[in-house]
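User: I have a chain open on my screen and would like to go through it step by step. Could you help me read it?

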Amino acid sequence: MQLTDTLSTSRKPLLPPVGDDGVVRIYVCGITPYSEAHVGHALHAIVFDTLRRYLDWRGIPVRHIQNFTDIDDKLIERANRLGIPMAELAEQNIRQYLAQLAAMNVLPAHQYPRVTQVMPQIIRFIDGLIAKGFAYAAGGDVYYRVRAFGAERYGALAKRDIDDLRAGARVDPTEHKEDPLDFALWKAAKPGEPSWESPWGPGRPGWHIECSAMALETLGEQIDIHGGGMDLIFPHHTNEIAQTEAYTGKPPFARIWMHNALLQLGSEKMSKSIGNLVSIQEALDRYGADALRLFVITSHYRSPVTYSEEALEAAKAGAERLRHAAFAPGGSQPAGIDHEAVRARFIEAMDDDLNTPRALAALFELAREINRAAAAGGDVAPAQGVLRELCGVLGLTLQAPAGRRREAAPFIDLLVELRAELRAAKQWALADRIRDRLADLGIDLKDSPDGTTWSER
């Protein structure tokens, strides 16, 4: 498998991994939980979940870390405005987000570190940078000395000249920087803000040092993939490279920098700060998990995606086509479907920089072949097994959305009642036909002395 590395702007092979244990180490920047997560966060989660699922399926061991930034200016401001502790607000939104990830069929990360849980590691990290001359304390703050890292190295990820960056830099009157380019590693405590004791006085960490410390704590000094949205390339990931490689002395910090394009609503990216949001819960309630996943992976992860009702409705219809083909009743005649060729095309597409649009094209072609063969009485069970397997690799559940299940429930209840009457009249063939057709649609019946109950597969 090859992935596009933002730093080198070239394709790089994923294997072999950096560690001797053969495990692919993946760190993905997570959310700042100051408000409800939106569909842009869903896109980000689905992209890296698809990568994780594919590697798992190929038998490649993975350790996947995703953090929560649970101390931040926006968290502090919103918690103060709501009149609740910052930790309570963060915990509330983290719980909601994790529940939404599960509803989207996103595999849980192997670990979800939080900034507030690694404060000793952050302080030790900053102290090490000071000892090596890459950072300096000033007025209770600590800053990273960007020019000590090197102009070319610092601007490499963002493809930006350090002098251009300096020209656009602004220094707040309260800051004590040697150079406008320098960025905060530690911020002196302010009234009304949470703070921690440190060698430089009470305060809290800057944003960039947090992810470096959590990555080192959970994955080690070098990792295989560092993931995030393209909006994090500068300054966040740029600063992560500078401080981590300066601290460890072991470049590269990450072998592959993998960045997903952003979700747009109209002409602007979907953003909490802009306020043009559609929440994950809204999208799930209206379209279902499979439609949301299809909406994301129909585009390549490096191509911008525009949110629209038309696009989600199309994805919902596509999910229904796959679902129907996966469970359509067939016959016993040879179907003549080369499903193993589809599997090979799927792997080829996914190995080519996680090309989910091409992989999906192969699955929809297989679904069309299944439907044609099933209508002609062909034995489509083997092909359906491959279709369900590969859909699972993409995280598709092939289940009806909850809204549709609620709408269909009265009709299913009526069919169950009719079947009971047919059984009572000993019309076994018709009763079995209702049971079998419901099974084809993913509805299983369970008979007991107390009656018949149904459940969705």
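Predicted model: local features only at pLDDT ≥ 70, side-chain atom pairs only at ≥ 80, totals over all residues.

User: How many helices and strands does the chain have?

Analyst: The chain has 17 helices and 15 strands. Its C-alpha atoms fill a box of roughly 90 × 50 × 45 Å along the principal axes.

User: And what percentage of the residues count as buried?

Analyst: Of the 457 residues, 50% count as buried. As for contacts with a separation of 6 or more, 75% of them come from residues 24 or more positions apart.

User: Let us turn to the open sheet of 4 strands. What is the strand order?

Analyst: The order is E4-E3-E9-E10, and the pairing is parallel. E4 and E10 are the edge strands, each pairing on one side only. From one strand to the next, the twist averages 20 degrees.

User: Which helix packs on the sheet?

Analyst: Helix H1, residues 39-57, packs on the sheet and touches E3, E4, E9 and E10. The direction of H1 makes about 135 degrees with that of E10.

User: How many bridges are there between E3 and E4?

Analyst: Strand E3 (residues 24-28) pairs with E4 over 5 bridges, in the parallel sense. Within this pairing, Ile26 has His64 of E4 as its bridge partner. E3 also pairs with strand E9 (residues 223-229), again in the parallel sense, over 3 bridges. There, Ile26 stands opposite Ile225 in E9.

User: Is E4 mostly covered or exposed?

Analyst: Strand E4, residues 62-66, is mostly covered, as 4 of its 5 residues are buried.

User: New topic: helices. At what angle do H14 and H15 pack?

Analyst: Helix H14 (residues 356-375) and helix H15 (residues 381-393) pack at an angle of about 155 degrees, and their axes are 10 Å apart. H14 is therefore roughly antiparallel to H15, because angles over 145 degrees count as roughly antiparallel. The crossing of the two helices is left-handed.

User: Which residues make that contact?

Analyst: From H14 come Leu363, Leu366, Ala367 and Ile370. From H15 come Ala383, Gln384, Val386, Leu387, Leu390 and Cys391. The residues of this contact divide into 9 nonpolar, 1 polar and no charged.

User: Why does Leu354 count as buried?

Analyst: Leu354 counts as buried because its relative accessibility is 2%, and the cut-off for buried is under 20%. Asn105, at 25% relative accessibility, counts as partly exposed.

Methods. Residues numbered from 1 in each chain as written. Heavy atoms only, no water. Axes fitted to C-alpha atoms, helices over the stretch in contact; angles between N-to-C directions. Parallel < 35°, antiparallel > 145°, perpendicular 65-115°, else oblique. Left-handed = near helix turned anticlockwise from the far one by under 90°. Contact = heavy atoms within 4.5 Å. Nonpolar A, V, L, I, M, F, W, Y, C, P; charged D, E, K, R; others polar. Buried < 20%, exposed > 50% of the residue type's maximum accessible area, 1.4 Å probe, protein only. Pairing = 2+ DSSP bridges.
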